[in-house]
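Colleague: I have the file open. Can you walk me through it?

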Amino acid sequence: MVVPVMPPVGSGWPSWLPGPDILFLGIPLGQCWLRCELVLHGVPAYTGQRRKVDIPKPGPDEVLIRVVATGLAPKDWKFTKNSGRDRALNAGDDIAGIVESVGSSVFEYKPGDRLPLFTAWVTHQAHMLTAIALYQALQLPLPTVPGSKDTSVLIYGGATAVGAYALQSAKLSGLGPIVTVAGSGIDYVKSLDVADHIIDYRQGNVTQTVLSALNSRNVHRALDAVSSKGSHQVIVDILTASGGENVKFSLTFVASAYSQKHAYITQKQADADGEFAFFFYRYLSYLLAQGRSKPHPHEVLPDGLDGIVSGVQRLYDGKVLAKKLVSRNSETPELKLRSQLERGKPTLP
Ligand SMILES: NC(=O)c1ccc[n+]([C@@H]2O[C@H](COP(=O)([O-])OP(=O)(O)OC[C@H]3O[C@@H](n4cnc5c(N)ncnc54)[C@H](OP(=O)(O)O)[C@@H]3O)[C@@H](O)[C@H]2O)c1
């Protein structure tokens, strides 16, 4: 097994790096390379088109990665939902691959390194998001400084990738009681064995059921791992009923792990998140390698690049429950055929 590692020391995640819906295929085919990315648009229906790209040259603090596998995330449909073909875009950044070349200041990676194991990468993206939310924004105690069992926390959406990592992190931090809300993913949430109370949102009246489960104990910190369908309002109701007078919101984007400011934080906070991520990415790798944090379950889509649009559609339709969709470039039919031709064993589709 390859122990996962994360983006290079001192570097922002390269802005050119392709992502899930999207492949930068640097597959050597004799002397030529096939290079493209898949861009998506959602109007009138989710559609993808390949676009030729030049292979980028990494800057001093960047690495060039040949993408092997990609993971899909809700932003792949969210960012493309209202775009027509003329505004098709590549929104993704969940990838795993092999380092092709490194910038002059990079000292942790070299060409040929595997970065990182696919499921681990998915883990890292969603996992880092939850780490920034729990430890930087909510200021909960780190696993290395365990909290007390008096620090209750609500994780709304325990079966989402983000929620499942938040639950595991909350447990590692020694928080409790840990309350979560899930539906058809309840069995998966139970299998993690970290939540003290699992509330089924399909039964309705989530606010009251959470408060009853807490049995007069208050909850003052919550992470919304759904962020739609009125989830934030349910959370506000619970925090308010728990004695919170001025419920404060803070929005988290994983980009701040690379010190990128966004509309909801200052540059100072983005820099602090970047420093936090510098060591926490490595700590996540350690937790994974030790089996103390479990990667989210995943399903490999058929046909590589060609299967991605149907995966995005399934995400949009809410039909992907308690798992990640992933895609492997090498399973794109024409690449499969080319590789068979190279090996002298063509099998026509
Ligand atoms: N993954 C990332 O790296 C990432 C990064 C940035 C932002 N985000 C954001 O974080 C949120 C979650 O993303 P994700 O990738 O973790 O999602 P996901 O794994 O695709 O979420 C799927 C799960 O959502 C749950 N769900 C749907 N409606 C729900 C509701 N009303 N209450 C509770 N659970 C509900 C379902 O749980 P049940 O099966 O139990 O119904 C389903 O299993 C999204 O808003 C996304 O944009 C994610």
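Predicted model: local features only at pLDDT ≥ 70, side-chain atom pairs only at ≥ 80, totals over all residues.

Colleague: How many helices and strands does the protein chain have?
Modeller: The protein chain has 9 helices and 13 strands. Helices (H or I, at least four residues) and strands (E, at least two) are DSSP runs, numbered from the N terminus.

Colleague: What percentage of the residues count as buried?
Modeller: Of the 349 residues of the protein chain, 43% do. A residue is buried if 20 or more other C-beta atoms lie within 10 Å of its own, exposed if 12 or fewer, and partly exposed in between, with C-beta atoms placed from the backbone.

Colleague: Which residues of the largest nonpolar core touch the most other members?
Modeller: They are M128, V153, L154, I155, Y156, A166 and I178, in a core of 51 residues. A nonpolar core is a set of buried Ala, Val, Leu, Ile, Met, Phe, Trp, Tyr and Cys residues joined through C-beta atoms within 7 Å. Helix 2 (residues 118–137) gives the most to this core, 8 residues.

Colleague: And what does M128 touch?
Modeller: Not counting residues up to four places away in sequence, M128 touches V254, A257, A277, F280, Y281 and L284. Contact is when the C-beta atoms of two residues, placed from the backbone, lie within 7 Å. There is also a second, separate core of 25 residues, which includes W77, V106, L301 and V312.

Colleague: New topic. At what angle do helix 5 and helix 6 pack?
Modeller: Helix 5 (residues 206–214) and helix 6 (residues 231–241) pack at about 40 degrees, with their axes 9 Å apart. Axes are lines fitted to C-alpha atoms, for helices over the stretch in contact, and angles run from 0 to 180 degrees between N-to-C directions. The two helices are therefore oblique to each other; angles under 35 degrees count as roughly parallel, over 145 as roughly antiparallel, 65 to 115 as roughly perpendicular and the rest as oblique.

Colleague: Last one: where is D306 found?
Modeller: D306 is in the loop between strand 12 (298–300) and helix 8 (308–316). D306 counts as partly exposed because it has 18 C-beta neighbours inside 10 Å. Leaving aside neighbours within four places in sequence, D306 is in contact with T332 and P333.

Notes:
Residues numbered from 1 in each chain as written.
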